[in-house]
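Have the viewer open as you read.

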Amino acid sequence: MAVLKVLVIDDEPGIRSGVTRILRDFHVTYPFMDEDYTFELLEAPTGEVGITVIEHDRPDIILLDNKLPGIQGVEVLEYIREKKYDIVVAMITSYASLDVAIKATRDGATDFIPKPFTPQELKSSIENIAKQLYLRRITRKLTEEGKQIRYQFLSVLSHELKAPLNALEGYLRMMQGKEAGDRIDDYANHIDRSLQRIQGMRNLIMDLLDFTKIRLEKKEGRIRQVNLAEVASGAIFAVRPYAIQREVNINLNVRSETIIMADPADMEIIFNNLISNAVKYNKIGGSADITIDSTDDEAVINVADTGIGIKKSDTENLFTEFVRIKNEKTRNISGSGLGLSIVKKVAELYFGTIEVDSTPDVGTVFTVRLPKKSLNIN
Amino acid sequence: MKKSDFTILVVDDDPDYLFQTVFNLNKAGYKTIAAESQAEAEAVIAKFKPDLAIFDLMMESDDSGFILCYKIRKKYPDVPVILATAVSRETGMSFSIDSEKEKSWIRADMYLEKGIRPEQLDQEIMKLLKL
């Protein structure tokens, strides 16, 4: 239950007490609002007193008479506009000439309540105002959160891009100062590490391209029938050299032929990321099992490994950008921290889901479910 | 006292940065202990008092460095602390330790932008150790 403060500025005591009586037990409710609104009433007989109350109590809604003994209603409106207060103002007036209406609207009044009014007229005006207030506030909140998220993404990204540059700079300076000796062989490890950091940065940039593509690209014209087994085979082929190096055995098990309408590039993103993770975070000599199955409604992709696993507490943020689980087992594994967040975004683009089930030191299973008939993608 | 009488605790989750910093400090003459995470650093602090500590900011969590600053201050109030990070303005946590207010909650003696030259780092350390 949220309470909106309503300030009535009117020199007629009858209007003030009438409004108070009508709104005292009134509440506004909508299916899309988290909670009902009720109203707390404040009263002021003049514009001057009204401004004091505004400063003191910061009302949400003001019912404002234009014709007042001292300063006029429009001047109160101007005051609110100058202060940029988040207040919705409705004019209550029997002198609603066109001039006043235009000026008041320009100054931010959102509604006119003609005097005299019936309780029902007042209630429906207040209902509209409350709805408008709710939407205005929720919109502002969402905009701010959106900005916050973008800002955070960019700041972490710049950190991730600067770290390898710092490492490279450090190694180059050591070589420049001949800190480890005079022979090039004295720097074999430095050069090796530098090359690895460059590769890491390149991977990050590639992932970043995938990441922005998901958001920006229009899908029209790219959607076609995709056989998931074919995409999986392609991804396995690409990761095979790495799997051989790590002695990880990759198996593909197609339980039923699964064809969905999708952009093939998106399906590649899903398989490439999950399969390369299944190899990367595996044990030497482990296995990665990819299962493709489908029901009438959805395609189900399972990627299981026999690797290091993930603690339950770490799975919560696993799909967040740049989140990498840092522990003794992952310290020598490099990654951009974007892969799984990309997979999740792609799955969601197709109204699908991704889940993880893992046991530390036993293995991890990722399950992606994609509905077969939900392709209104833009 | 000479530099080799001092042991510096260096904590950073970037293995290359850690390696380079330790290398440069050793070259300058200091003894060092390296830790790769907040957890590892806490284990070191629990049984050993370094003469100075250099913490990275973002490790297991975004504020690991702050937490370490706080913990080491609590246990060894006289150990100077340097907070080193590649993030400054762009973290959204724009901070420095210039104002009294920031000094009161960032319990570090110095805040350094990563990429600092080894000679410069050495000079800052000498200042903090009053060498």
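## A hairpin in chain A

Let's start where strand 10 of chain A turns into strand 11 of chain A: the two are joined by a hairpin through three residues. They pair in the antiparallel sense over seven bridges, where pairing takes at least two DSSP bridges between two strands. In this pair, A:Ile290 stands opposite A:Val303 in strand 11 of chain A.

A quick word on the ground rules. This is a predicted model, so local features need pLDDT of at least 70 and side-chain atom pairs count only at pLDDT 80 or more, while totals for chains, interfaces and linings use all residues. Residues are numbered from 1 along each chain as its sequence is written, with chains lettered from A and ligands numbered from 1 in the order in which they are written.

Elsewhere in chain A, strand 7 (residues 224-227) and strand 9 make an antiparallel pair over four bridges, and A:Gln225 is bridged to A:Met261 of strand 9. Strand 9 of chain A has two faces: A:Ile260 and A:Ala262 sit on the covered one, A:Ile259 and A:Met261 on the uncovered one. In a regular strand the side chains alternate between the two faces of the sheet.

The largest nonpolar core has 39 residues, and A:Leu228, A:Ile270, A:Ile275, A:Val303 and A:Val343 have the most contacts inside it. A core here means buried Ala, Val, Leu, Ile, Met, Phe, Trp, Tyr and Cys residues joined through C-beta atoms within 7 Å. Buried means 20 or more other C-beta atoms within 10 Å of the residue's own, with C-beta atoms placed from the backbone. Elements that give two or more residues to this core include helix 7 (228-245), helix 8 (264-280) and helix 10 (339-349) of chain A. Helix 8 of chain A gives the most, with eight residues.

What does A:Ile275 touch, leaving out residues up to four places away in sequence? The list is A:Ala235, A:Ile236, A:Val239, A:Ala288, A:Ile290 and A:Val303, a contact being C-beta atoms, placed from the backbone, within 7 Å. A second, separate core has 33 residues, among them B:Leu18, B:Ala35, B:Met59 and B:Ala108.

## Chain B and its sheet

Chain B has five helices and five strands, running β-α-β-α-β-α-β-α-β-α from the N terminus. Of its 131 residues, 36% are buried.

The five strands form an open sheet in chain B with parallel pairing and the order 2-1-3-4-5. Strand 2 (31-35) and strand 5 (110-113) of chain B are at the edges with a single partner strand each, so one side of each has no neighbour in the sheet. Strand 4 (residues 81-85) of chain B pairs with strand 5 of chain B over four bridges, in the parallel sense, and B:Ile82 is bridged to B:Met110 in strand 5 of chain B.

## Where the chains meet

In the interface, 18 residues of chain A are in contact with 19 residues of chain B. Helix 5 of chain A supplies the largest share of the chain A side, 13 residues.

Note on methods
Contact = placed C-beta atoms within 7 Å. Buried ≥ 20, exposed ≤ 12 C-beta atoms within 10 Å, placed from the backbone.
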